[in-house]
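Welcome to the tour! Open your viewer, switch to a cartoon view, and follow along one stop at a time.

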Amino acid sequence: MIENNELAMNIESRLSFEEFRKEVLNDYRLACVSREVSLLARKEVLTGKAKFGIFGDGKEVAQIAMSKYFQPGDFRSGYYRDQTVAFATGIATPEQFFSQLYADPDVNHDPFSGGRQMNSHFATPNIDKEGNMLPLVEMKNSAADMAPTAGQMPRALGLALASKLFRKVEELQDMKHLSNGGNEIAFATIGDASTSEGHFWETMNAAGVLQVPLAVFVWDDGYGISVPRKYQTTKNSISAALEGFRKANGTNGFDIYNIKGWDYAGMCEVLESAIRKIRETHVPALFHVEEITQPQGHSTSGSHERYKSKERLAWEKEFDCNVKMRSWILENALADEATLTAIEAEAKTTAQDARKSAWEKYITPIKADVQQFIATATPVLAIAGSKAEFVQKAIHEVQTNREPQRRDILKAAAAILVRLKAQKNEAAVQQLQAYYDTYFQQEKENYTSGLHASGANSALNVPVIPAQYGDEPTVINGYEVLNKYFDQLFTNNPRVFAFGEDVGKIGDVNQGFAGLQQKHGGFRIADTGIRELTIMGQGIGMALRGLRPIAEIQYLDYLLYGLQPLSDDVASLQYRTKGAMYCPLIVRTRGHRLEGIWHSGSPMGMIINSLRGMYVCVPRNMVQAAGMYNTLLQANEPAIVIESLNGYRLKEKLPVNLDAYTVPLGIPEILKQGDDVTIVTYGSMTRIVEEAVSTLEELGVSCEVIDVQTLLPFDINHLIVESLKKTNRILFADEDVPGGGTAYMFQQVMEEQGGYRWLDVAPRTLSAQAHRPAYGSDGDYFSKPNAEDVIKIVMEMMEE
């Protein structure tokens with residue numbers, strides 16, 4: 001006779017087995033759906049419905065195994081073959097995948113990018129329109145994907161570091177909507193070939209040093225497009241190459257696991273305990289997922305049969321993860337052949353239904369627009385005269401296009417209108433023109449909006465609070481102004497963190513943080529290694545998770561090391577997610593005049609052209625810099641603040657409201673009124689200009705000196721052209737190379753503001769030499785603009 005407790009155990013065992021069996025079959029079903037999505041998507045590209053496709057086929061089972069341990073609050077920082085991860089975690093649906101493949105601009109269909117990014121580029125929102133952080137701890141989160149290889153790695157470090165800070169920093173303990181005691185893991189995924197990038201190595205080294213909960217999955221399919229792994233990786237194995245990084249007792253580093261991408265049970269067994277260890281101990285780990293296949297090759301741009309041997313192709317068919325999982329299910333009697341066949345048929349239907357629904361949602365509004373165009377353009381035929389045949393043909397081409405695009409409608413309308421200029425006053429032509437203008441503006445908004453935030457998230461909407469001074473203001477060095485400011489900031493705002501090379505113990509090379517690590521702690525104000533790329537990555541990840549990082553680049557010349565993630569990730573983030581995701585990172589650095597080739601840089605042209613989407617602040621002194629930090633910290637937009645290297649020991653008056661006053665972005669400041677010449681400049685050059693202007697005043701020349709304060713945004717109210725209307729002469733001066741920052745300002749005022757209409761003499765630009773600045777005081781004098789240069793050019797303008 002069976003005892004009651006034994007019976008209960010048997011029932012529980014049977015229930016557990018049934019739950020296990022159900023879970024396995026659901027996983028197989030998802031693997032089949034994802035594979036069918038890849039197969040269908042490739043056909044959509046090859047038949048012309050989509051432009052390009054890159055898919056995750058061959059990685060389905062490994063990604064499902066990984067996703068089983070991805071919990072709410074966790075963040076994914078992956079790459080463009082993670083469609084199965086997105087499906088398994090619920091971040092995306094197959095229908096949304098196809099909507100993105102078709103570049104559907106409706107965010108209700110493609111919520112990740114509104115048609116702005118190609119397929120498998122996923123993103124989840126982190127801040128609402130009112131400027132509030134969303135409850136990230138309740139969400140399964142994904143940082144926005146991007147195409148640059150290994151570009152996802154630096155920010156993964158920051159996403160993981162945020163968990164450590166949420167666990168260790170007392171001031172963050174009550175932010176329960178952002179973290180559950182720092183238990184969240186950052187899951188980074190990367191293709192094996194991309195581990196050759198420096199981004200990967202710098203990130204792995206930093207993660208090993210910092211000991212943060214980062215789980216890195218390397219999908220190893222043996223190739224980087226056509227280049228075999230043996231030409232990519234030392235020892236032909238990334239895990240073997242990284243063996244020296246393996247954590248041992250009493251050391252830092254990370255754990256390394258080798259798993260087979262087709263071994264469902266084996267992967268689940270390893271990952272269950274390994275992910276738990278990362279979550280509990282914050283020891284990072286590398287998962288080398290080997291023997292992955294790529295059934296359709298790299299992308300729709302080519303065929304892998306061109307570079308893979310017959311033996312390799314045969315092996316890939318045999319070790320296809322879906323095939324292997326199917327065999328394992330049958331071998332372990334978890335399902336019979338009929339059940340699996342039914343699952344596979346259902347998966348085909350699911351993928352086909354997703355494709356069909358996404359296509360209908362994409363094409364239906366366009367077809368409606370076609371009908372509206374035809375209805376509006378047809379009346380033009382009656383007054384087209386000799387152009388009637390052309391008009392009829394243009395209408396017919398749009399009407400018979402089975403897969404029209406919005407541009408087809410606009411091109412046809414524009415072609416008709418340009419040929420009927422003589423009839424522009426006819427009612428039919430005017431109606432077509434009005435239709436074209438409205439439709440063009442509506443669709444342009446779909447594709448060009450959102451580079452910067454709006455509403456409560458915008459730095460341009462922060463209230464202006466002027467600096468206030470006492471009757472006898474304290475006068476101190478510029479670095480002391482910053483030191484007092486940062487002390488107040490870190491006391492009042494627990495979400496602010498600062499880090500960089502030499503920022504912590506010695507308080508940065510110019511003493512802005514002197515003594516503050518001792519007061520506010522080593523997590524709040526931290527030293528880093530010499531690794532600008534991942535310093536930026538730290539800041540990106542932390543900002544995505546609700547913290548307010550100030551990431552320091554020691555000298556502006558070193559920004560090149562960290563420029564890629566700022567340009568490709570931060571600057572484009574709001575645009576490429578159509579306002580779904582924000583990264584309010586502040587990059588603090590110092591530049592302009594000092595001494596030597598790599599410590600006197602002012603590459604503003606490079607910065608303003610590569611960082612559109614970020615604000616570029618160029619304060620002339622440290623009080624102004626503090627006001628800019630205050631403005632930025634009240635908004636949710638990224639920016640770089642470039643402090644003047646030679647201004648730290650110059651005396652400044654200390655405002656009494658240092659922690660509250662704000663500098664409006666995009667609003668120049670008139671430092672001196674004048675009538676004869678307008679001089680536009682910024683940063684350290686303001687002092688050179690002011691020195692020159694003193695002499696020019698003695699010579700009878702009245703100069704109006706304008707500090708632009710920010711290059712991005714630039715003079716949004718067109719104050720400079722108002723000055724030019726008065727003086728009719730203008731000089732743009734800075735320390736960038738010729739054609740750099742001065743050319744940018746010139747274009748903004750002359751073209752954007754129409755300043756050319758107010759000129760009496762040719763406008764001038766004054767910049768540094770084309771070469772790097774030479775060392776020494778004389779080197780500075782001959783390399784960079786000086787007061788005598790300003791005087792000479794202004795006098796030439798006066799005599800012209």
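**Stop 1: the whole chain**

What you see is a predicted model. Start with everything selected. The protein chain holds 25 helices and 22 strands. Along the principal axes, its C-alpha atoms fill a box of roughly 110 × 85 × 50 Å. How does the radius of gyration agree with that of a compact globule? For 800 residues, such a globule would have a value near 28 Å, and the protein chain has 30 Å, which agrees.

**Stop 2: a pair of helices**

Now select residues 337–377, which form helix α11, together with residues 427–448, which form helix α14. Two packed helices are described by the angle between their axes and the distance between the axes. Here the axes come within 9 Å and cross at roughly 155 degrees. Because of that angle, α11 is roughly antiparallel to α14. The crossing of α11 and α14 is left-handed.

Show side chains where the two helices meet. On the α11 side, pick Asp369, Gln372, Phe373, Thr376 and Ala377. On the α14 side, pick Gln431, Leu432, Tyr435 and Tyr439. Colour the residues of this contact by type, and you get five nonpolar, three polar and one charged.

**Stop 3: the seven-stranded sheet**

Next, find an open sheet of seven strands with mixed pairing. Walk across the strands in the order β11-β10-β12-β13-β15-β14-β20. Which strands are at the edges? They are β11 (525–527) and β20 (710–712), each of which pairs on one side only. From one strand to the next, the twist averages 20 degrees.

Zoom in on β13 (residues 586–591) and β15 (residues 639–644), which pair in the parallel sense over six bridges. Select Thr589 and look for its bridge partner in β15: that is Ile642.

**Stop 4: just past an edge strand**

Go to Leu712 and Pro713. Is the peptide bond between them cis or trans? The bond from Leu712 to Pro713 is cis, with omega near 0 degrees. Pro713 itself lies in the loop between β20 and α22 (719–727).

**Stop 5: the five-stranded sheet**

Another open sheet has five strands, in the order β17-β19-β18-β21-β22, again with mixed pairing. Its edge strands are β17 (669–672) and β22 (764–766), and each pairs on one side only. The twist in this sheet averages 25 degrees from one strand to the next.

Click on Phe732, and its bridge partner in β22 is Thr765.

Then bring in helix α21, residues 685–698, which packs on the sheet. Helix α21 touches β17, β18 (677–681), β19 (703–707) and β21. Its direction makes about 170 degrees with that of β19.

**Last stop: a backbone detail**

Finish at Ala150, in the loop between β2 (141–142) and α5 (152–168). What is phi of Ala150? The angle is near 70 degrees, a positive value in a residue other than glycine.

Terms used: Residues numbered from 1 in each chain as written. Predicted model: local features only at pLDDT ≥ 70, side-chain atom pairs only at ≥ 80, totals over all residues. Heavy atoms only, no water. Axes fitted to C-alpha atoms, helices over the stretch in contact; angles between N-to-C directions. Helix = DSSP H or I, 4+ residues; strand = E, 2+ residues; numbered from the N terminus. Parallel < 35°, antiparallel > 145°, perpendicular 65-115°, else oblique. Left-handed = near helix turned anticlockwise from the far one by under 90°. Contact = heavy atoms within 4.5 Å. Nonpolar A, V, L, I, M, F, W, Y, C, P; charged D, E, K, R; others polar. Pairing = 2+ DSSP bridges. Rg over C-alpha atoms; globule rule 2.2 N^0.38 Å.
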